[in-house]
Every structure is written in C-alpha cells, then in structure tokens.
Amino acid sequence: MTNRDLNDASDDDIFATGDIFARRELLRVGHVPDRDRIVGRDTELQNVGQALGPAIDGGPPSNIVIYGKTGTGKSLVARHVTQRARERATMNDIQFSHAYVDCSDANTETRVAREVTTQLANEASATLDIPDKGIGANEYYRYLWDLLETRDICIILLDEIDILRDDDILMQLSRAEETGKTDCYLGVISISNKIEFRDRLSERIDSSLQDEDIIFQPYDADQLRTILENRRDAFKSGVLQDGVIPKVAALAAREHGDARKAINILQKAGELAERENDDHVTETHVERGQRKAEVQRFQELVSGSTPHVKYLLRALAKLTENRRGDAFSTHEIYQVYQSIADAEGSDPLSQDRVYRLLKEQSFLGVTESRHTGGGHSEGSYLEHRLMRGSDVVLAALSD
C-alpha cells in the first residue's frame with residue numbers, strides 16, 4: 001500500500017460515524033417534524049391553526065400567547081403550523097413571511113428587532129445593508145417597516161419571551177398597523193414557560209395585543225413513548241434494544257413530561273454507543289446519556305453568564321454537596337463565593353450585588369429563592385436552592 005493509500009485510509013477512519021444513526025436530524029432539538037410525528041397535540045394544532053387561518057387568504061391573523069412547561073411541544077406546534085400556513089398562503093398568491101426568535105439568545109428589544117429584520121432580509125435576498133451592531137432598536141424598526149412593504153402577512157414567533165428584559169418589542173409589533181408604520185398584517189406568537197407572563201405585561205400592551213391564550217399540558221409516559229417510537233427511524237434497524245425507549249420515556253415522564261429532554265437523552269445514548277463502537281444502544285447508554293444531557297443543558301443555560309454568576313452557582317452547589325441542606329441564605333452563599341472568587345484571582349462583588357444576582361438567577365429558573373419564616377431571634381430572610389443536582393452543576397461548571 002502506498003503512502004497515499006495509507007493517508008486515504010486514515011482519513012476514512014477519522015470521519016467514520018459507525019452503524020448507529022440513519023437519520024440523525026430527527027433527534028435535533030430545532031427539527032420541525034411532519035404532522036404524523038406530532039403526538040398528543042391535536043387540539044393545540046387546531047387552536048393555533050384557527051388563529052392563523054385568516055392569514056392564508058390574506059386576512060389579519062390573531063396574536064397568540066402559548067404557555068406550558070419546557071418540552072411540551074409549544075415551539076414545535078407553533079413553528080409547524082406557521083410553516084403550513086405559509087405553504088397554503090403561497091398557493092393563494094399571498095406574500096407570507098415569518099421569523100422565529102429565541103429570546104434566550106436575543107434578550108433585549110434591540111436584539112430581537114435585529115434578528116427579525118435580518119431574517120426577513122435574508123429570506124427576500126434583500127440588498128439592504130443592515131448593520132450587526134452600532135444602532136438601536138428604532139433603526140432596526142425602520143429597516144423592518146421597509147421590508148414589510150412587499151409582504152401581505154408576517155408572523156413573528158418569540159420563543160422564551162419571559163426572558164425578555166422589557167416588553168417594548170410587543171408594543172411596536174402589535175401597534176404597527178394602527179400607527180401607520182406598515183400595511184402588512186402582523187401576527188405575534190409569544191411562547192412562554194411561565195403562566196404568570198401575562199401578569200408582567202403593562203395594561204397598555206396587554207390591551208394592544210388582544211391575544212388568545214393556549215395552554216400546553218405536560219406529556220404523559222404513553223405519549224412520550226409514542227413520540228420516541230416516531231423517532232425510531234433516526235437509528236438504523238435493530239440498533240435500539242427493547243428496553244431503551246420505555247426507559248427514556250419513564251425518565252422524561254418523571255421530569256414533568258418533557259419531550260425535549262426525552263429526545264435529547266435518546267440522542268446522547270446513541271452518541272455514546274457510536275463513540276464506543278457498540279453495535280446496539282442499551283439501557284446503560286441511556287443512564288449515562290441522561291447525565292450527559294443534563295450537564296449539557298445546564299452548560300447551555302449558563303453559557304452567557306458572567307464569571308461571578310458561575311462562582312455563585314459553584315458556591316451553592318458546594319454547600320448542597322456537603323449536605324448541609326438544600327437551601328441557604330445569601331450570607332452563607334456569599335462566604336463560599338468569596339473563597340471561590342479569591343481562588344480564581346478575582347475581586348469578590350459586594351454582598352448586596354450578590355443578593356441581586358441570586359434573585360436574577362431565580363427569575364431565570366436556574367435557582368429558586370424563597371422567604372423563610374425566621375425564628376424568634378431572626379427575621380424573615382431569603383433562601384436559595386439549586387433547581388438542578390449539585391453534581392450536574394459542578395460537572396457543567398468545571399468544563
């Protein structure tokens with residue numbers, strides 16, 4: 001064999017992907033499946049479809065707020081119905097556009113406005129020179145109104161909207177027609193993990209939206225099992241051992257019926273089997289895949305956090321790991337945080353600033369903060385606890 005043959009063989013080896021996956025894309029979180037793969041959401045599909053129904057004939061769609069826990073199919077259903085509506089509208093010669101924004105990535109009015117404008121410009125192959133930075137939300141709106149001049153309908157999906165720092169974007173979008181900024185019919189689909197999201201809206205914006213509420217309930221174990229069975233063809237025939245899908249469904253059902261977690265665990269289990277050159281995906285792969293998926297999800301959750309937020313979370317995880325309880329006062333956390341910050345060569349923040357950061361993490365769902373009753377010698381004070389296992393948090397923050 002020549003040197004070139006050896007090099008070619010070596011290249012083949014490093015790109016080998018094994019005999020586990022057949023259609024890996026079916027397990028991707030952002031994948032929008034065909035209608036026959038959407039399980040247990042017939043009523044929700046119908047409700048979203050009715051809200052967007054007028055748009056397929058060029059009429060004004062309704063605004064919607066979709067509530068439900070993570071992994072209950074909110075984003076999947078909203079994106080699927082929007083894509084179907086666009087296909088039907090196009091057949092009717094209606095200029096229909098849509099944009100999807102994950103507010104956990106774009107968490108300010110300016111970032112959302114930039115993302116919507118950029119997506120619509122790319123969709124239309126517009127020659128507008130839209131800056132990536134250096135301008136405010138009002139400038140992006142001007143680009144947006146220009147782009148909408150050639151559209152009849154535009155649906156904007158705002159996922160994880162409860163993370164937005166303000167709700168001005170909702171006012172701008174919901175009143176764009178009324179204020180004469182566009183003749184295009186704009187519809188907003190707001191997707192929230194928190195049922196109390198509406199309570200945060202000002203009366204002015206709540207009235208302006210005039211939206212419909214749709215609530216998604218968690219999946220049960222049978223529905224999760226069906227969802228996973230409908231993704232079985234992501235794997236090659238005969239690869240999944242019989243107990244794998246029931247085990248993943250049971251684990252996810254225990255985690256409040258989160259289909260996203262179920263699919264993610266199944267994906268991680270397959271990747272472990274592939275990486276270890278195993279012929280089958282087993283229940284052992286599932287157990288290890290679950291932990292890997294949890295660590296990865298937490299890393300994604302805190303990926304944009306400052307070093308001091310990560311020091312705080314490490315401090316809370318260390319306190320929890322030492323089994324001194326599961327909830328701790330700001331002062332207790334602050335003492336451990338100071339040691340970690342010092343060890344990292346960083347000047348600790350003030351205790352008041354740490355208190356505010358902990359409350360912010362509670363708002364984001366990373367921790368939970370609650371007031372204690374206090375004793376005769378103590379007044380009520382705030383305690384904080386992790387919403388994930390301390391082992392998961394420490395593993396995620398160690399990378």
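Okay, let's start with a loop: N277 sits in the stretch between α11 (259-275) and α12 (283-301). Before I go on, keep in mind that what we have here is a predicted model.

So what is the phi of N277? It's positive, about 60°, although N277 is not a glycine. As background, most residues other than glycine have a negative phi. And is N277 buried or exposed? Exposed: its relative accessible area is 65%, and the cut-off for that word is over 50%.

There's another residue like this to look at, E160. You'll find E160 in the loop between β3 and α6. Its phi is near 55°, again positive in a residue other than glycine. But E160 counts as buried, because its relative accessibility is 18% and buried means under 20%.

In soluble globular proteins, nonpolar side chains tend to be buried together. Here, the largest nonpolar core has 35 residues, and V112, L158 and L170 have the most contacts inside it. Which elements give two or more residues to this core? They are β1 (64-67), β2 (96-102), α4 (109-123), α5 (137-147), β3 (153-159), α6 (168-174) and β4 (185-192). Out of these, α5 gives the most, with 6 residues.

Let's zoom in on V112 for a moment. Leaving aside residues up to four places away in sequence, V112 touches V101, C103, A106, L158, L164 and I169.

Methods:
Residues numbered from 1 in each chain as written. Predicted model: local features only at pLDDT ≥ 70, side-chain atom pairs only at ≥ 80, totals over all residues. Heavy atoms only, no water. Core = buried A, V, L, I, M, F, W, Y, C linked by side-chain atoms within 4.5 Å. Buried < 20%, exposed > 50% of the residue type's maximum accessible area, 1.4 Å probe, protein only. Helix = DSSP H or I, 4+ residues; strand = E, 2+ residues; numbered from the N terminus. Contact = heavy atoms within 4.5 Å.
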